[in-house]
Amino acid sequence: MLPYLFCALNGSDPTLISGGISSTDLSAYFKLIFLGLIICISLVGNLLISMLVLRDRTLHKAPYFFLLDLCLADAVRSAACFPFVLVSVHNSSAWTYSALSCKVVAFMAVLFCFHAAFMLFCVAVTRYLAIAHHRFYAKRMTIWTCAAIICMVWTLAVAMAFPPVFDVGTYKFIRDEDQCIFEHRYLKTNDTLGFMLMLAVVVLATHGFYAKLLLFEYRHRKMKPVQLVPAISQNWTFHGPGATGQAAANWIAGFGRGPMPPTLLGIRQNLHNQHRRLLGMEEVRSERRLGRMFYTITLLFLVLWAPYIVACFWRVFVRSCTIPHRYLSITVWMSFAQAGVNPIFCLLLNEDLRKVLRAHLPTYWRTKQHLPQDEAYCIM
């Protein structure tokens, strides 16, 4: 059985196996099942996370607004682009629609790819600001700032995906990939090199910001001891950064002369500023958990898209190259899987999302979960 499966994935000549089924039909069958699972998982998972972020006010923060945008984009990609791939696979790797519809589907596929790359880059920048420059982040990262960042990301993605529409033959159906996509050709033929270099630079810059964040956390892994500044005393009236409430008590008791030392007011003001400027331990843990979740999403994007990007650069730099069909097929379906794995890892790595999910479960399931084991069996 395994040799026939390898033959089917390799795209070799159709041969009959047991039951009269050809290897090509078997390959198409597995592709349909795999892509159908991706579509179902992507739609259910991404829409579930989007619903949780929209309904729960505790998640109305900058990181979750960006996560909402990513989830909605993946859901739209699964609903708008993948069904055409299913139809082409079912029709023996053939496009049965018009050339204009092929350009529209290819435009959407490239748009969502660049949108994910640009959004993950912006998330990496904001994660670094949240840890290294928290005062600036807390003051400037409002809902309007998030909306402006999201609009900028979509604008950049459209700017990258729209120009090839006017180039004749750039967006076309690739039979080996079973999809309408950007046709990558030799670098002297069209502008494919600049198109691919932009994507590679954005992905590398994103990981560069996470490396910079890791170095910052490593350098600040130990807190410096508090430097106590001694108070200044003039005739029993203490003032300065190290003064305490005893200064006011001494002034009321009649020790010394001079104006009332504003020590208590200064202490309150310093504590208030310190609360706004510095991160508490729980806030640090929360920001780090969010950073790990988003970096996992970024790493998955790199792992699942890197083989396909390598194949694209192979076509760009090697004239009349021949990419093995099995390798190209695997890389294309890995890029499809990226839309389905994100919600799974978001729920696994984010405790806040799991708490909100448990809170919005039906009352019957929550009651059943907290019942003793014997009573649960009685209900069942």
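Visitor: Leaving aside neighbours within four places in sequence, which residues is T206 in contact with?
Guide: This is a predicted model, in which local features need pLDDT of at least 70, side-chain atom pairs count only at pLDDT 80 or more, and totals for chains, interfaces and linings use all residues. Residues are numbered from 1 along each chain as its sequence is written, and side-chain values use heavy atoms, with hydrogens and water left out. Taking contact as heavy atoms within 4.5 Å, and setting aside neighbours within four places in sequence, T206 touches A117, L120, F121, A124 and T298.

Visitor: Which helix holds T206, and is T206 buried or exposed?
Guide: Helices are DSSP runs of H or I with at least four residues, strands are E runs of at least two, and both are numbered from the N terminus; on that basis T206 lies in α8, residues 192-219. Buried means under 20% relative accessible area, exposed over 50%, and partly exposed in between, with a 1.4 Å probe and protein chains only. T206 has a relative accessible area of 2% and is therefore buried.

Visitor: How are α3 and α5 oriented to each other?
Guide: Helix α3 (residues 62-80) and helix α5 (residues 99-132) pack with their axes 10 Å apart, at an angle of about 165°, where axes are lines fitted to C-alpha atoms over the stretch in contact and angles run from 0 to 180 degrees between N-to-C directions. Angles under 35 degrees count as roughly parallel, over 145 as roughly antiparallel, 65 to 115 as roughly perpendicular and the rest as oblique. The two helices α3 and α5 are therefore roughly antiparallel.

Visitor: In α4, where do the buried residues fall?
Guide: Helix α4 spans residues 82-90, and its buried residues are F82, V85, S88 and V89. Seen down the axis of α4, these residues fall within an arc of 115°, the arc being that of the directions from the helix axis to the C-beta atoms. The buried residues of α4 therefore line one face of the helix.

Visitor: What is the phi of S93?
Guide: S93 is found in the loop between α4 and α5, and at 17% relative accessibility S93 counts as buried. Although S93 is not a glycine, its phi is positive, at about 55°.

Visitor: What is the relative accessible area of D178?
Guide: D178 lies in the loop between β1 (171-174) and β2 (179-182). Its phi is near 60°, a positive value in a residue other than glycine. D178 is buried, with a relative accessible area of 1%.
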